[in-house]
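I opened my notebook today to look up a few things in a protein model. Here is what I wrote down, one entry at a time.

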Amino acid sequence: SFGCGRLGATVWPSAIALASLLAGDKYRSSIQDKRVLELGSGCGLPTLTAKEVCGSQVLATDYWEGREGLIVGNRLVPKELFGVNLAYNVGCEPQNLDWHDELSIFDVSTNFKPDIIVGSDLVYYPDDTEPLLQTLDILLKNGGGGQSMLLILPLPPTAEREALPDFRRRLESGVGDKDVVMDELEMIIRSASTDEEEIHNFLRIRI
């Protein structure tokens, strides 16, 4: 389950890259005092950056199961703990958001009304491509004024994502009625475990 120990427990390079961009001069001024929604927040580093560095109103979203409990190894993680690490990291209540549940997406978009949508390393499985595109379309159409988007997705050779080629191809025609700009970035990230510098390539997607 995301946010309860198996997933949502590691800060991945793409989240570091997104947070670094948000904290930079170019993006920091553009999202200051804006309503920022992060998709697939995981540990919530970009959300925390937008909140603490940029002074934005933020909403961290991710997905975790709604069952009463989940077997993880030989222990039971109660429902009450789902998303707790994300809430602790960002200092505010996260939203459980299922990209396959259109009604919940509408609820988030109309209640929070995001000005800016951000996300990192969102594209894994082909079955999630269409729901993710629909989620982006709904949030952009029903959010606040001047909606924009910034996504950072990892590229080979450091990361292989099965659904990325199709997702990238489909974005060429835009999201809803909005044009999409895509380019590639290279960042050097120092590993906390080895203290060695690693080169990572990312796809930057902007509206």
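**Entry 1: the overall count.** I began with the secondary structure, which comes to 7 helices and 9 strands. I noted that this is a predicted model. Of the 207 residues in the protein, 47% are buried. I also looked up contacts between residues at least 6 apart in sequence, and 70% of them join residues at least 24 apart.

**Entry 2: the sheet.** Next I asked in what order the strands of the open sheet come. I found 7 strands in the order β5-β2-β1-β6-β7-β9-β8, with mixed pairing. At the edges stand β5 (95-96) and β8 (181-190), and each has a single partner strand, so one side of each is left without a neighbour in the sheet. A reminder to myself: strands of a sheet pair through backbone hydrogen bonds, either parallel or antiparallel.

**Entry 3: who pairs with β7.** I followed strand β7 to its partners. Strand β6 (residues 116-120) runs parallel to β7, and 5 bridges join them. Here I found that Ile116 has Ser148 of β7 as its bridge partner. Strand β9 (residues 197-206) runs antiparallel to β7, again with 5 bridges. In that pairing, Ile152 stands opposite Arg204 of β9.

**Entry 4: is β7 buried or exposed?** I went through β7 (residues 148-154) to find out. I counted 7 of its 7 residues as buried, so β7 is largely enclosed by the rest of the structure. The cut-off behind this is under 20% relative accessible area. Ser148, Leu150, Ile152 and Pro154 point one way from the strand, while Met149, Leu151 and Leu153 point the other way. Both sets are buried.

**Entry 5: β8, β9 and a helix on the sheet.** I then moved to β8 and β9, which run antiparallel and are joined by 10 bridges. One pair I looked up there is Met187, whose bridge partner in β9 is His200. Helix α1 (residues 13-23) packs on the sheet and touches β6, β7, β8 and β9. The direction of α1 makes about 145° with that of β7. Helix α3 (residues 45-52) also packs on the sheet, where it touches β1 (35-39) and β2 (57-62). I noted an angle of about 175° between the directions of α3 and β2.

**Entry 6: back to α1.** Which residues of α1 are buried? My list reads Ser14, Ala15, Ala17, Leu18, Ala19, Leu21 and Leu22. What covers them includes α2 (25-31) and α3, along with β6, β7, β8 and β9.

Entry 7: I looked at helix α6 (residues 129-142) and helix α7 (residues 164-171), whose axes come within 10 Å and cross at roughly 35°. Their crossing is right-handed. From α6, the contact is made by Thr129, Glu130, Leu132, Leu133 and Leu136, and from α7 by Asp166, Phe167, Arg170 and Leu171. Sorted by class, this contact has 5 nonpolar, 1 polar and 3 charged residues.

**Entry 8: an aromatic pair.** The ring centres of Tyr124 and Tyr125 are 5.9 Å apart and their planes are at 40°, so the pair is tilted. I looked up accessibility too: Tyr124 has 30% relative accessibility and counts as partly exposed. Tyr125, at 53%, counts as exposed.

Terms used: Residues are numbered from 1 along each chain as its sequence is written. This is a predicted model: local features need pLDDT of at least 70, side-chain atom pairs count only at pLDDT 80 or more; totals for chains, interfaces and linings use all residues. Side-chain values use heavy atoms; hydrogens and water are left out. Buried means under 20% relative accessible area, exposed over 50%, partly exposed in between (1.4 Å probe, protein chains only). Helices (H or I, at least four residues) and strands (E, at least two) are DSSP runs, numbered from the N terminus. Two strands pair if DSSP finds at least two bridges between them. Contact means heavy atoms within 4.5 Å. Axes are lines fitted to C-alpha atoms, for helices over the stretch in contact, and angles run from 0 to 180 degrees between N-to-C directions. A crossing is left-handed if the near helix is turned anticlockwise from the far one by less than a right angle, and right-handed if clockwise. Ala, Val, Leu, Ile, Met, Phe, Trp, Tyr, Cys and Pro count as nonpolar, Asp, Glu, Lys and Arg as charged, and the others, Gly among them, as polar. Rings of Phe, Tyr and Trp (its six-membered ring) pair if their centres lie within 6.5 Å; planes under 30 degrees apart count as stacked, over 60 as edge-to-face and the rest as tilted.
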